[in-house]
Amino acid sequence: MKMIIAIIQDKDSNVLSNAFIEANIRATKLSSTGGFLRSGNTTFLVGVDDDRVDDVLSIIKKTSHARGQFMTPQVSMDASMDASASYPVEVQVGGATVFVLPIEQFHQF
Amino acid sequence: MKMIIAIIQDKDSNVLSNAFIEANIRATKLSSTGGFLRSGNTTFLVGVDDDRVDDVLSIIKKTSHARGQFMTPQVSMDASMDASASYPVEVQVGGATVFVLPIEQFHQF
Amino acid sequence: MKMIIAIIQDKDSNVLSNAFIEANIRATKLSSTGGFLRSGNTTFLVGVDDDRVDDVLSIIKKTSHARGQFMTPQVSMDASMDASASYPVEVQVGGATVFVLPIEQFHQF
Ligand code: NI
Ligand code: NI
Ligand code: NI
């Protein structure tokens with residue numbers, strides 16, 4: 001068995017939880033912050049058999065990878081502001097940091 | 001040394017904390033959710049010498065194992081409901097998922 | 001790579017976060033309690049290359065080690081109390097418990 005520790009953005013957390021449930025993978029969620037003080041991360045702990053590690057990694061990659069997203073910046077109420085300031089800009093969202101650790105014993109009581 | 005990670009139900013958390021204190025075992029509690037979206041789990045991190053791993057496992061098993069418990073269902077305020085609906089029913093409570101991981105270094109500063 | 005798990009007092013948490021940022025080390029913070037029910041601990045997860053483990057340990061030791069601190073006890077409003085009760089006393093603060101675990105795989109998606 002392996003312990004998979006995955007740190008992802010909160011915004012991807014529900015999608016990842018649901019994907020784990022569909023794949024019958026038990027995951028525990030810890031609320032976390034940081035990585036350079038970026039707040040709002042979620043840390044998942046997953047214990048899986050060796051032959052399911054790649055499945056879990058695929059699910060995390062699919063739901064939580066870094067990607068660009070177009071967002072419309074909040075426009076301030078300053079009347080003198082150029083209207084062009086409200087065009088959408090691309091920002092980076094998502095991203096997952098994943099560690100696979102060895103497990104010596106696994107028990108369910 | 002080993003790192004023991006134990007995920008148990010919140011309802012068993014105080015009993016387990018107290019059992020660890022009595023046995024002079026230092027544990028750190030992380031608040032967690034899930035495993036199939038069941039909320040209200042607690043994750044314990046315990047660092048112990050190899051020769052105390054079995055003690056820690058026994059304490060977790062004793063305080064937190066899955067067991068049946070009789071509960072009286074909440075009766076709705078629907079006057080037409082059969083009174084028999086309030087008989088106690090057996091539900092499964094507790095349960096612990098436990099991982100033992102190798103540790104390469106341990107420090108106290 | 002190694003996974004470093006460090007449990008420190010909340011009061012040292014911001015200083016340690018900032019020291020990690022300055023050293024370009026990514027850390028994830030989990031809120032935690034305990035070790036003998038002492039509340040207000042923070043658990044840091046740090047994934048680092050083998051050749052930076054000692055750097056991370058030095059940073060944790062420097063910012064979070066146990067040390068004496070003089071504190072003035074809260075004086076009760078009991079008018080009969082001896083004024084000497086408000087002299088500063090030395091208390092132990094800080095302290096870090098640190099585990100270094102092996103990692104078999106590391107991914108960023
Ligand atoms: Ni995509
Ligand atoms: Ni029992
Ligand atoms: Ni000092």
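Is B:N24 buried or exposed? At 55% relative accessibility, B:N24 counts as exposed; the scale calls a residue buried under 20% relative accessible area, exposed over 50% and partly exposed in between, with a 1.4 Å probe and protein chains only.

Before you click further: this is a predicted model, where local features need pLDDT of at least 70, side-chain atom pairs count only at pLDDT 80 or more, and totals for chains, interfaces and linings use all residues. Residues are numbered from 1 along each chain as its sequence is written, chains are lettered from A and ligands numbered from 1 in the order in which they are written, and side-chain values use heavy atoms, with hydrogens and water left out.

**Stop 1: the loop at B:N24**

Stay on B:N24 and colour by secondary structure. B:N24 sits in the loop between helix 1 and strand 2 (27-34) of chain B. Helices (H or I, at least four residues) and strands (E, at least two) are DSSP runs, numbered from the N terminus. Check the backbone here: phi of B:N24 is near 60°, a positive value in a residue other than glycine.

Now hop to A:N24. You'll find A:N24 in the loop between helix 1 and strand 2 (27-34) of chain A, and its phi is positive, near 60°. With 55% relative accessibility, A:N24 counts as exposed.

**Stop 2: helix 1 of chain B**

Select residues 13-22 of chain B, which make up helix 1, and show side chains. The buried residues are B:S13, B:L16, B:S17 and B:F20. Look down the axis of helix 1 of chain B: its buried residues fall within an arc of 100°, so they line one face of the helix. (The arc is that of the directions from the helix axis to the C-beta atoms.) On the face turned away from that buried side, helix 1 of chain B carries the exposed residues B:N14 and B:E22.

**Stop 3: the helix pair in chain B**

Two packed helices are described by the angle between their axes and the distance between the axes. Helix 1 and helix 2 of chain B pack at an angle of about 150°, with their axes 9 Å apart. Axes are lines fitted to C-alpha atoms, for helices over the stretch in contact, and angles run from 0 to 180 degrees between N-to-C directions.

Which residues of the two helices meet? From helix 1 of chain B come B:V15, B:L16, B:A19 and B:F20, and they meet B:V56, B:I59, B:I60, B:T63 and B:S64 in helix 2 of chain B. Contact means heavy atoms within 4.5 Å. By class, this contact in chain B has seven nonpolar, two polar and no charged residues; Ala, Val, Leu, Ile, Met, Phe, Trp, Tyr, Cys and Pro count as nonpolar, Asp, Glu, Lys and Arg as charged, and the others, Gly among them, as polar.

**Stop 4: B:F44**

Centre on B:F44, in strand 3 (residues 41-48) of chain B. B:F44 is buried, with a relative accessible area of 1%. Leaving aside neighbours within four places in sequence, the contacts of B:F44 include B:S13, B:L16, B:S17 and B:F20. Draw a distance from B:F44 to B:S17: they are 27 residues apart along the chain, and their C-alpha atoms are separated by 9.0 Å.

**Stop 5: over to chain A**

Select helix 1 of chain A, where A:S13, A:L16, A:S17, A:A19 and A:F20 are buried. Down the axis of helix 1 of chain A, the buried residues fall within an arc of 165°, so they line one face of the helix. The face turned away from the buried side of helix 1 of chain A holds the exposed residues A:N14 and A:E22.

Click A:N18, which lies in helix 1 of chain A and is partly exposed, with a relative accessible area of 41%. A:N18 and A:T63 are 45 residues apart in sequence and 10.0 Å apart in space, C-alpha to C-alpha.

**Stop 6: the nonpolar cores**

Show all three chains. The largest nonpolar core has 24 residues, and those with the most contacts inside it are A:M3, A:L101, B:M3, B:L101, C:M3 and C:L101. A nonpolar core is a set of buried Ala, Val, Leu, Ile, Met, Phe, Trp, Tyr and Cys residues joined through side-chain atoms within 4.5 Å. Finish on B:L101, whose contacts include A:M3, A:L101 and C:L101, not counting residues up to four places away in sequence.
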